[in-house]
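Q: I have this one open in the viewer and want to go through its packing. Can you take me through it?
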Amino acid sequence: MPALQEGFAREQAGLMLSLLEHVRLRLEHEVPLLIEDTRDVERVLREIGEPVQHDGSAAEDDSDWLSVARARNRDASARLQTALRAQEEAWAGDGPVPDQLAALRSVTVRQLDRQRSILGPGYALGT
Amino acid sequence: MPNATSGTTRMLLIEHCESGSPAVRVGRALSPWLGDRWDPTFGREHPRSTPKGPSRVMDVQHFTAYLQSRIGDVEVTSVTRIGGGASRETWLVAMGRTTGDLPEELVVRRDAPYTGVVPTTLRREYDVLKQLAREGIRVPEPLWFEDDTGLLGQRFYIRHGYRGTSDQARFRGAVAERLTRDLAQELAELHRVPIDRLELPEGPAPGDVAEAAIREVDRWYSHWAEHAVEPVPMFEQLAWWLRRHVPGHGDAPAFIWGDVGVANTICSEDGHVIALSDWELATFGDPMRDLASGLWRGVGQLAGREFFLRCYAEAGGHPIHEERLAYYDVFMSWLVAGFTHAAIAGSAPGDGRSLHPALLSIWAQRVNLAKAARGAGFTASTKV
């Protein structure tokens with residue numbers, strides 16, 4: 001790596017430290033964001049007739065809300081991915097996009113937008 | 001909300017990720033100023049989820065003993081790890097005394113002790129170099145391959161070392177134009193190599209570039225699915241888009257580099273290409289993928305996008321297809337998102353106090369997924 005000019009490096013370091021603080025704050029807000037995402041995914045899955053296995057009551061007494069929220073969101077994401085794959089496989093690719101597939105695609109986009117606002121080492125690992 | 005630094009600096013950092021520069025390079029460069037926020041093991045011998053075995057220390061003593069047992073009376077003065085690759089280790093060996101045709105500098109490419117993010121074997125990389133060198137393509141001259149993992153801990157090969165730079169930031173003005181022209185010339189020559197003179201372990205070349213693209217999408221999708229640590233519906237969605245929008249039906253494939261960029265090129269200070277390196281993604285495919293790869297990695301920022309494409313055309317390259325460039329731009333972002341997901345798989349949870357590798361990997365994955373989604377037209381609102 002070439003030597004960085006100190007001014008530029010300090011500016012970048014300041015940004016990285018801000019991002020670390022941002023991560024810390026995001027972790028504080030991660031639960032409501034995950035809940036919102038899970039609800040969005042499950043709503044669309046219900047609308048297109050996909051079974052929703054999670055009944056919303058499991059582990060409500062669990063004080064580790066973050067772990068519960070992450071686990072439920074991973075489960076919802078997995079079902080979204082499976083449903084998306086099935087819909088894509090079923091569609092020949094000709095003509096307009098079927099409504100159900102369009103609904104799944106739109107929720108995937110919303111999910112990506114939410115995921116990008118959540119940055120933290122534990123999120124991706126479900127821990 | 002924390003005090004935010006200027007929008008300009010935020011965009012600079014995002015551009016690092018957007019241009020394909022590994023986020024790890026940003027973190028490393030800033031480490032002197034980050035203090036105890038920086039995890040010093042990041043990017044070095046970081047433990048991965050599937051270690052393959054111990055890695056023997058690479059130092060002057062061990063490497064001298066190895067070379068002397070193989071070649072004879074030689075002297076090694078230094079052994080230095082270089083590069084920031086995620087799949088292999090690259091070591092520069094300076095010789096104090098050589099024998100025969102052995103050059104004064106050697107490079108050792110060694111398997112990492114953990115599973116790399118790119119699932120191509122070191123042997124394949126070496127064989128590709130041998131074949132391309134035979135065809136007169138400017139690649140680092142491979143010397144020999146060692147299959148015996150007992151020698152240096154992992155399989156490795158030795159190639160000729162070269163003095164040069166791979167830092168695009170060093171090139172401006174006329175020198176940048178010269179480098180652009182050189183790189184375009186090398187690509188055009190590569191794409192002219194008759195594919196029936198080259199072999200890959202995966203089998204014969206595909207019938208056309210569309211078949212090549214499908215093979216690549218399926219290959220890298222399977223690799224991601226095998227190593228995924230979490231569901232990523234957008235990655236799935238993009239894979240389907242790539243399958244449905246494959247361009248170039250009927251056009252003959254060429255041998256492509258797959259990872260074009262100055263970061264993978266050894267250059268002289270005055271802007272000439274010395275050697276094209278990092279051939280892990282090389283395959284039979286669409287020459288437009290190489291051009292798109294170069295643009296994705298920022299080659300267009302040397303002397304302009306159109307200048308680069310014009311140089312390629314003037315060097316006798318394949319006709320330019322803009323829609324295929326756009327397709328492979330999406331492909332590159334999707335591909336890198338898959339790689340960075342694999343990098344997440346190898347990271348251990350942190351406590352949030354240090355700049356954790358998973359943080360940058362997750363971020364890089366999200367940025368690249370967003371880029372690909374925009375390129376695929378899923379949304380105009382997936383902002384960086």
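This is a predicted model: local features need pLDDT of at least 70, side-chain atom pairs count only at pLDDT 80 or more; totals for chains, interfaces and linings use all residues.

Q: At what angle do the axes of α6 and α9 of chain B cross, and within what distance do they come?
A: The axes of helix α6 (residues 173-192) and helix α9 (residues 287-296) of chain B cross at roughly 160 degrees and come within 10 Å. Angles over 145 degrees count as roughly antiparallel, so α6(B) and α9(B) are roughly antiparallel to each other.

Q: Which residues make that contact?
A: On the α6(B) side they are B:Leu187, B:Leu190 and B:His191, and on the α9(B) side B:Pro287, B:Asp290 and B:Leu291. By type, the residues of the contact of α6(B) with α9(B) are four nonpolar, one polar and one charged.

Q: Now the core. Which residues touch the most other members of the largest nonpolar core?
A: B:Leu132, B:Phe255, B:Trp279 and B:Trp334 do, in a core of 76 residues. Helix α12 of chain B (residues 322-345) gives the most to this core, eleven residues.

Q: What does B:Phe255 touch?
A: Not counting residues up to four places away in sequence, B:Phe255 touches B:Val128, B:Leu132, B:Leu190, B:His191, B:Ile195, B:Leu198, B:Leu200, B:Trp279, B:Ala282, B:Thr283 and B:Phe284.

Q: Switching to chain A. How many helices and strands does it have?
A: Chain A has four helices and zero strands, so from the N terminus on its elements run α-α-α-α. It has 127 residues, and buried residues make up 45% of them.

Q: What share of its contacts join residues at least 24 apart?
A: It is 71%, taken among contacts in chain A between residues at least 6 apart in sequence.

Q: Where do α3 of chain A and α8 of chain B stand, parallel or oblique?
A: Oblique, as α3(A) and α8(B) are classed. The axes of α3 (residues 99-116) of chain A and α8 (residues 233-244) of chain B cross at roughly 130 degrees and come within 9 Å. The crossing of α3(A) and α8(B) is left-handed.

Q: Who is in that contact?
A: From α3(A) come A:Leu104, A:Arg105, A:Thr108, A:Val109, A:Gln111 and A:Leu112, and from α8(B) come B:Pro233, B:Met234, B:Gln237 and B:Arg244. They divide into five nonpolar, three polar and two charged.

Q: Is B:Arg244 buried or partly exposed?
A: B:Arg244 is partly exposed, at a relative accessible area of 26%. Leaving aside neighbours within four places in sequence, B:Arg244 is in contact with A:Glu88, A:Trp91, A:Ala92, A:Gly93 and A:Arg105.

Q: How far apart are the C-alpha atoms of B:Arg244 and B:Asp218?
A: They are separated by 12 Å, and the two residues are 26 residues apart along the chain.

Q: What about B:Glu236, buried or exposed?
A: B:Glu236, in helix α8 of chain B, has a relative accessible area of 0% and is therefore buried, the cut-off being under 20%. Aside from residues up to four places away in sequence, B:Glu236 touches A:Gln81, A:Leu84, A:Arg85 and B:Tyr221.

Note on methods
Residues are numbered from 1 along each chain as its sequence is written. Chains are lettered from A and ligands numbered from 1 in the order in which they are written. Side-chain values use heavy atoms; hydrogens and water are left out. A nonpolar core is a set of buried Ala, Val, Leu, Ile, Met, Phe, Trp, Tyr and Cys residues joined through side-chain atoms within 4.5 Å. Buried means under 20% relative accessible area, exposed over 50%, partly exposed in between (1.4 Å probe, protein chains only). Helices (H or I, at least four residues) and strands (E, at least two) are DSSP runs, numbered from the N terminus. Contact means heavy atoms within 4.5 Å. Axes are lines fitted to C-alpha atoms, for helices over the stretch in contact, and angles run from 0 to 180 degrees between N-to-C directions. Angles under 35 degrees count as roughly parallel, over 145 as roughly antiparallel, 65 to 115 as roughly perpendicular and the rest as oblique. A crossing is left-handed if the near helix is turned anticlockwise from the far one by less than a right angle, and right-handed if clockwise. Ala, Val, Leu, Ile, Met, Phe, Trp, Tyr, Cys and Pro count as nonpolar, Asp, Glu, Lys and Arg as charged, and the others, Gly among them, as polar.
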